[in-house]
Amino acid sequence: MLVCVLAIFETIFAGLILFTTGPPYAYMNWCFSYPSMICFLLVSASTVFLVVRLKANLSWRSRLPNQLICSSAKEIKASRSVILICWMFIISFIPNIFLVTAALVYPEFTLQGPYYKWLVHILAAFAMLFQMISSSVNVFVYYSMSTRFREVFIETFCRK
């Protein structure tokens with residue numbers, strides 16, 4: 001549902017950028033910065049919640065008899081892979097969040113600003129690089145941590 005809301009939000013503001021007169025960067029924060037900040041905060045909060053719940057679950061399971069703990073290793077491995085992917089997203093998104101926050105606090109810190117245009121270009125390039133690396137590494141993390149993903153990947157791409 002969140003993805004649908006963000007898609008509608010992005011479509012509305014992309015339409016505003018395309019079809020209104022005046023400077024297009026007036027809507028840039030609403031179209032790109034705020035949704036990315038919301039996603040970052042949601043992923044961060046969800047990851048913290050997942051870690052807290054995983055620790056509570058492990059504590060609870062440690063008090064159970066051994067015969068009832070047969071599926072916990074698989075659940076722990078799945079939880080760790082989700083947490084790793086979330087942390088990779090959070091770390092790779094920090095430069096982007098820095099740019100958004102800096103532009104909100106100091107309005108001249110934008111691509112159109114008179115003083116820091118070159119610094120914003122450099123930081124934006126690093127932000128995109130971090131996001132591309134994160135997106136590219138996800139496949140390898142899933143491949144190394146999930147046997148089901150590995151089986152489907154090999155079946156799909158390594159047919160003879």
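Tutor: We begin with aromatic pairs: rings of Phe, Tyr and Trp (its six-membered ring) pair if their centres lie within 6.5 Å, and planes under 30 degrees apart count as stacked, over 60 as edge-to-face and the rest as tilted. The model is predicted, so local features need pLDDT of at least 70 and side-chain atom pairs count only at pLDDT 80 or more, whereas totals for chains, interfaces and linings use all residues. Residues are numbered from 1 along each chain as its sequence is written, and side-chain values use heavy atoms, with hydrogens and water left out.

Student: Which residues form one aromatic cluster?

Tutor: The cluster consists of Tyr142, Tyr143, Phe149, Phe153 and Phe157. The structure as a whole holds 9 aromatic pairs.

Student: Why is the pair of Phe153 and Phe157 called tilted?

Tutor: Their centres are 4.9 Å apart and their planes stand at 50°, so the pair is tilted. Both residues lie in helix H5, 4 residues apart, about one turn of the helix.

Student: How do you know whether Phe157 is buried or exposed?

Tutor: Buried means under 20% relative accessible area, exposed over 50%, and partly exposed in between (1.4 Å probe, protein chains only). Phe157 has 60% relative accessibility, so Phe157 counts as exposed. Phe153, at 27%, is partly exposed, as is Tyr143, at 30%.

Student: How is Lys117 classed, and what does Lys117 touch?

Tutor: Lys117, which is found in helix H4, has 41% relative accessibility and therefore counts as partly exposed. Not counting residues up to four places away in sequence, Lys117 touches Thr110 and Leu111, where contact means heavy atoms within 4.5 Å.

Student: What are the end-to-end distance and helix content of residues 118–143?

Tutor: The end C-alpha atoms of residues 118–143 lie 39 Å apart, and the span is 100% helix and 0% strand.

Methods: Helix = DSSP H or I, 4+ residues; strand = E, 2+ residues; numbered from the N terminus.
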